[in-house]
Amino acid sequence: MDERQEIERVAAPTLDEGLDDWVPVDSLIWNVSQVVPKDSDRFAGFFAAVLGYLLREGLMVVGEIGDTGFEPWAASSVEDTVERVVRDCQAVGWSPGLGLCWLSNTEEGDRRARTAARG
């Protein structure tokens, strides 16, 4: 399985979860760990690749839960956003406990998840 297939294998359940609700970064960490173990040298880089794919393809956005519900982070480059999330996750040993950040499907992310479910 090449890396693109591995990335899509992680993206699919993450997008599927996003159909119903906002997705805590913990879920993405879990989904990544099903393909590349957390204790692997590849984990951080693969996590970054998956998150970058979701953002670059316009499938999800990163934000936090605030007074108005999901609040996307201020616009920045995909690379800067991925770097921030990876750095923050590493700072808590990849165990953020639902408070670090959240992911929300875009309309395209919802469409992709529904298409995959029909299959």
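Select Leu28. Leaving aside residues up to four places away in sequence, Leu28 touches Val10, Thr14, Phe47, Val50, Leu51, Leu54 and Leu103; contact means heavy atoms within 4.5 Å. This is a predicted model, in which local features need pLDDT of at least 70 and side-chain atom pairs count only at pLDDT 80 or more, while totals for chains, interfaces and linings use all residues. Residues are numbered from 1 along each chain as its sequence is written, and side-chain values use heavy atoms, with hydrogens and water left out.

Next, select helix α2 (25-33). Helices here are DSSP runs of H or I with at least four residues, strands are runs of E with at least two, and both are numbered from the N terminus. Seven of the nine residues of α2 are buried, so α2 is largely enclosed by the rest of the structure. Buried means under 20% relative accessible area, with a 1.4 Å probe and protein chains only. The buried residues are Val25, Ser27, Leu28, Ile29, Asn31, Val32 and Ser33, and they pack against α1, β1, α3, α4 and β4.

Now widen the selection to the largest nonpolar core, which has 33 residues. Such a core is a set of buried Ala, Val, Leu, Ile, Met, Phe, Trp, Tyr and Cys residues joined through side-chain atoms within 4.5 Å. Leu28, Phe47, Leu51, Leu54 and Val85 have the most contacts inside it. Two or more residues come from each of α1 (3-18), α2, α3 (43-56), β2 and α4, and α3 gives the most, with nine.

Move to strand β4 (residues 102-105). Trp102 and Ser104 point one way and Leu103 and Asn105 the other, and all are buried. Strands count as paired if DSSP finds at least two bridges between them. β4 pairs with β1 (residues 23-24) in the antiparallel sense over two bridges, and four bridges join β4 to β2, also antiparallel. Select Leu103 to see both sides: Val23 stands opposite Leu103, and Val62 has Leu103 as its bridge partner.

Last, go to the largest pocket, with a volume of about 170 Å³. On a 1 Å grid over the protein atoms alone, a pocket is an open set of points where a 1.4 Å probe fits, with protein on both sides within 12 Å along at least five of seven lines; lining residues have an atom within 4 Å of a point. The lining includes Leu55, Met60, Trp73 and Thr81. β2 (60-66) and α4 (78-91) each supply at least two lining residues, and β2 has the largest share, three.

How values were computed. Points joined across faces, edges and corners; volume = space filled by probe spheres on them. Buried < 20%, exposed > 50% of the residue type's maximum accessible area, 1.4 Å probe, protein only.
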